[in-house]
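Okay, thanks for coming, everyone.

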Amino acid sequence: MTTVGSYLATRLAQIGIKRHFVVPGDYNLVLLDKLQEHPDLNEINCTNELNCSMAAEGYARAQGVAACVVTYSVGAFSAFNGIGSAYGENLPVILISGCPNTNDAGDFNLLHHTIGTHDFDYQLEMAKKITTAAVSIRRASDAPHMIDSTIRQALLTQKPVYIELATNLATQPCVLPGPESVILESVESDPIVLKDAVHQAARLLSQKSKISILVGPKVRSAQAELAVIQLAEALGCAVTVMPSAKSFFPETHPQYAGVYWGLASTLGAEAIVDWSDLVICVGTVFTDYSTVGWTAQPAPGVRLTADVDQVQFSGTDCSRVYLAEFLSALSLQAKRNPATMVEYKRLSPPEPAVTASPAKEQLSRKEMARQISSLITAKTTLFADTGDSWFNGIQMRLPEGARFEVEMQWGHIGWSVPASFGYAAARPDRQVITMVGDGSFQMTAQEVSQLTRLRIPMIIFLINNIGYTIEVEIHDGIYNNIKNWDYAAFVESFNAKDGQGRGFRATTAGELHSAIESAKKNRNGPSLIECVIDRDDCTKELISWGHFVAAANGRAPRV
Ligand SMILES: C/C(NCc1cnc(C)nc1N)=C(/S)[C@H](O)COP(=O)(O)OP(=O)(O)O
Ligand SMILES: [Mg+2]
């Protein structure tokens, strides 16, 4: 026999979680003890539950799955924001919340950390809306099945789940967990449907002369990145990626044709997608932001859509066909068709050389992007927060092995600070670099203190343009102005007596260069470099993108 808390701990460890993110509260303290007792689990405290859930979201990007533990209501309500992000971004985050003692409902007790009624179900009902499975464990005997089925759902659907545990159950006895195969067993495609889908897709490909592949963000959660390369190399065609799938196909691959993002695309990518007579859309997600206000996406008649567990194209719709299996099987039947790659080579002029600014010159966005870009190596994971950071990051060319993380579906400004912290906790072997605007940073800034506490040598580029520039370009108003901070002093304030965090302020090209050199040497804590640029010094892509998104937002109501 074991206890409910130890059962849960074992299951979390069995699925590969080594660090879980927590904010303690009296509804979860005993559970936290049980989780910490497990030899393979090590908790990480966060400053608040928004950052806790976002750190778990970032951990899941690196580790494939994550868990965060919060207290009832006052904790979980903030954590819901990170769970919304995990849902939109297809990340299996397990949100665990303590909840009232099992006797209180029946005793009609009123409790703290509630809305002051006898209803203790509202949180579970809310969680059901933003997760793929949500359970409330109110009896120890229910715990094994509820825990197993909920965690299994997270892994199968690559979506967040919710487990609520009454505060008096963590030490209650329950059976020992069985083998990890109970929760890890993967599912296969239906063999007959898979064979039919591949046969029909191969026939469609043979009727087309200009095929390209467009890689979308779900290719990661479907674990199909290698299968995309297999199909690409069988066809020899051009491969473009959506902005939220940047780095999910190697940019050093000879068939890489850039980021397809309408007018914000990298050179030649939009033209080659438009030129194709068939676009194999792999794990793609077409939203108002990713289609630039519905102005840029392959026409439905030109698409072969290969999704996580479904393949669709004219006259065909096959479900229970898993992406990696489909792409691999199709690569064995697809005939070479390199026309789009030949054409892309004709279209794409050489990357424009960006010359360095003179050291004393006022820092420009272009010079800042040039210096950040030159920092990226195979070991780098570059986070770009919502803002002009997206557009700066998209234009940066990644060397072999470099990874790129954005949160383009949920788009919670400030996400990058806790998420990159969670990612770095999972992958201490990587150099995490974060680009975050001043407005975003002010949302979640206190999580930098955990980087100081854990001595994580992250480099944070804080882009100070004194406001919400994306919003300025969509629709300006006084609300886009924010209070300026002394960001360098702010970050160093976390050191107290023993921290090694460093803060720098760069107003010229030369100051940025020397700040970067110092940051590279600081291996015992975070280095924040405040890049002071002009409020209107933004990418041309943001200006045009903002115009079309504003137009999409402003469509008149249908009468
Ligand atoms: C206010 C908002 N979006 C609305 C918004 C408001 N609240 C949350 C949580 N998320 C959001 N996306 C956005 S994109 C700001 O321009 C971000 O400003 P900043 O971080 O400074 O970046 P830029 O200056 O490059 O735009
Ligand atoms: Mg800003």
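**The metal site and a helix pair**

So, let's start with the record: UniProt, in an unreviewed entry, puts the feature "binding site" at D438, N465 and G467. Those three span 30 residues in sequence, yet no two of their C-alpha atoms are more than 7.0 Å apart, so they gather at one spot. Keep in mind while you look that this is a predicted model.

What coordinates the magnesium ion, ligand 2? In the model, D438 does it through OD, N465 through OD1 and G467 through O, at 2.1 Å. If you like patterns, the spacing of these donors along the chain reads D-x26-N-x1-G.

Let's go through the residues. D438 is in helix α17, which runs over residues 438-444. Buried or exposed, this D438? Its relative accessibility is 1%, so D438 counts as buried. N465 is buried as well. Leaving out neighbours within four places in sequence, D438 has contacts that include L462, I463, N464, N465, I466 and G467, and also I482 and Y487.

Now G467. You'll find G467 in the loop that connects β19, residues 459-464, to α19, residues 469-474. With a relative accessibility of 4%, G467 counts as buried too. Once residues up to four places away in sequence are set aside, G467 touches D438, N480, I482 and R535.

Last stop, the helix pair. Helix α4 covers residues 76-88 and helix α5 covers residues 122-129; their axes come within 11 Å and cross at roughly 5°. At that angle, α4 and α5 are therefore roughly parallel to each other. Which residues make the contact? From α4 it's A76, F77 and F80, and from α5 it's Y122, Q123, M126 and A127. Sorted by class, the contact of α4 with α5 has 6 nonpolar residues, 1 polar and no charged ones.

To leave you with one picture: D438, N465 and G467 around the magnesium ion, ligand 2.

Definitions and conventions: Residues are numbered from 1 along each chain as its sequence is written. Chains are lettered from A and ligands numbered from 1 in the order in which they are written. This is a predicted model: local features need pLDDT of at least 70, side-chain atom pairs count only at pLDDT 80 or more; totals for chains, interfaces and linings use all residues. Side-chain values use heavy atoms; hydrogens and water are left out. UniProt positions are given in the numbering used here, feature names are shortened, and annotations may be inferred rather than shown by experiment. Helices (H or I, at least four residues) and strands (E, at least two) are DSSP runs, numbered from the N terminus. Buried means under 20% relative accessible area, exposed over 50%, partly exposed in between (1.4 Å probe, protein chains only). Contact means heavy atoms within 4.5 Å. Axes are lines fitted to C-alpha atoms, for helices over the stretch in contact, and angles run from 0 to 180 degrees between N-to-C directions. Angles under 35 degrees count as roughly parallel, over 145 as roughly antiparallel, 65 to 115 as roughly perpendicular and the rest as oblique. Ala, Val, Leu, Ile, Met, Phe, Trp, Tyr, Cys and Pro count as nonpolar, Asp, Glu, Lys and Arg as charged, and the others, Gly among them, as polar. Donors are N, O and S atoms within 2.8 Å of the metal (3.2 Å for Na, K and Ca); water is not among the atoms, so sites may look incomplete.
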